Amino acid sequence: MKILGVDPGSRVTGFGLIETSNLKFNYLASGCIRTKGELTQRITIIFESISEIVVKHQPDIVVIERAFMRPDRPNPDAAIKLGHARGAIISAVGSRGIAMVEYSPNQIKKTLVGKGHATKGQVSYMVCESLKLNKAPQEDAADALAGAICHAYHCL
């Protein structure tokens, strides 16, 4: 099964693609979609880039990190921008009839590291270990790969 993980962001959206069979993971691709300009331009870039990735790699399912707002630092403007980015991703994937699932950041961290409040470094380390990578991917790409790995564990 090919699983595409996506870590949405209005400025940087990470993606990571793995193939899995019986909890054996094979790294296929990862990277970051970096955007500039006005919000409408950034959202269009995200939609087009995710569309290209989906067409090129033909994933069986897409994992999208669920939006959250930190209670200690609420930022409604950032949440709205993140919602736009998620909408672009969901539209790009859904328009091609590909199944989608969502996991919260804490669910992903707990699945990979064993605790829901793991650091980015701990998540990146476990992604490298799980996929037998020699070098850590970019931070947002590592988060996207973590989402894909999380789903692989949950769907067995």
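This briefing walks through the sheet, the helices and some single residues of the structure above. The model is predicted. No disulfides turn up in a search of the whole structure.

**Strand pairs**

- S1 and S2 run antiparallel and are joined by six bridges. The two strands form a hairpin, with four residues between them.
- Leu4 stands opposite Leu17 in S2.
- S1 also pairs with S4: four bridges join these strands, which run parallel. Here the bridge partner of Gly5 is Val63 in S4.
- S4 (residues 61-65) is joined to S5 by five bridges, and these two strands run parallel. Val63 stands opposite Val101 in S5.
- Five of the six residues of S1 are buried, so the strand is largely enclosed by the rest of the structure.

**Helix H2**

- H2 covers residues 76-94, which is 19 residues. At 1.5 Å a residue the helix should span 27 Å, and its end C-alpha atoms are 26 Å apart, which agrees.
- The buried residues in H2 include Leu82, Ala85, Arg86, Ala88, Ile89, Ala92 and Val93. They cover an arc of only 155° around the axis, which puts them on the same side of H2.
- An α-helix has 3.6 residues a turn, so residues three or four places apart point the same way.
- Pro76 and Ile80 are exposed, on the face of H2 turned away from its buried side.
- The cover over the buried residues of H2 includes S1, S2, helix H1 (39-57), S4 and S5.

**Helix H3**

- In H3 (residues 105-113), Pro105, Ile108 and Leu112 are buried. Seen down the axis, the buried residues of H3 fall within an arc of 65°, so they line one face of the helix.
- Those buried residues pack against S4, S5, helix H4 (120-131) and H5.
- Gly114 follows H3 and has a positive phi, near 100°.

**Helix H5**

- H5 has 16 residues. From first C-alpha to last, H5 reaches 23 Å, close to the 22 Å expected at 1.5 Å a residue.
- 13 of the 16 residues of H5 are buried, so the helix is largely enclosed by the rest of the structure.
- His151 lies in H5. His151 is buried, with a relative accessible area of 7%.
- Leaving out residues up to four places away in sequence, His151 touches Ile3, Ile61, Val63, Val101 and Tyr103.

**Gly14 in strand S2**

- Gly14 is found in strand S2. Its relative accessible area is 0%, so Gly14 counts as buried.
- Leaving out residues up to four places away in sequence, Gly14 touches Gly5, Val6, Asp7, Gly31, Cys32, Asp140, Ala141 and Ala144.
- Gly14 and Gly147 are 133 residues apart in sequence, and their C-alpha atoms are 11 Å apart in space.

**Cysteines**

- A disulfide is a covalent bond between the sulfur atoms of two cysteines. The cut-off used here is a pair of cysteine sulfur atoms within 2.5 Å.
- The sulfur of Cys32 has its closest cysteine sulfur in Cys128, 14 Å away, which is too far for a bond. Cys32 is buried, with a relative accessible area of 18%.
- For the sulfur of Cys150, the closest cysteine sulfur is in Cys155, at 9.8 Å, also too far for a bond. Cys150 is buried, at 0% relative accessibility.

Definitions and conventions
Residues are numbered from 1 along each chain as its sequence is written. This is a predicted model: local features need pLDDT of at least 70, side-chain atom pairs count only at pLDDT 80 or more; totals for chains, interfaces and linings use all residues. Side-chain values use heavy atoms; hydrogens and water are left out. Two strands pair if DSSP finds at least two bridges between them. Buried means under 20% relative accessible area, exposed over 50%, partly exposed in between (1.4 Å probe, protein chains only). Contact means heavy atoms within 4.5 Å. The expected span of a helix is 1.5 Å times one less than its number of residues. The arc is that of the directions from the helix axis to the C-beta atoms.
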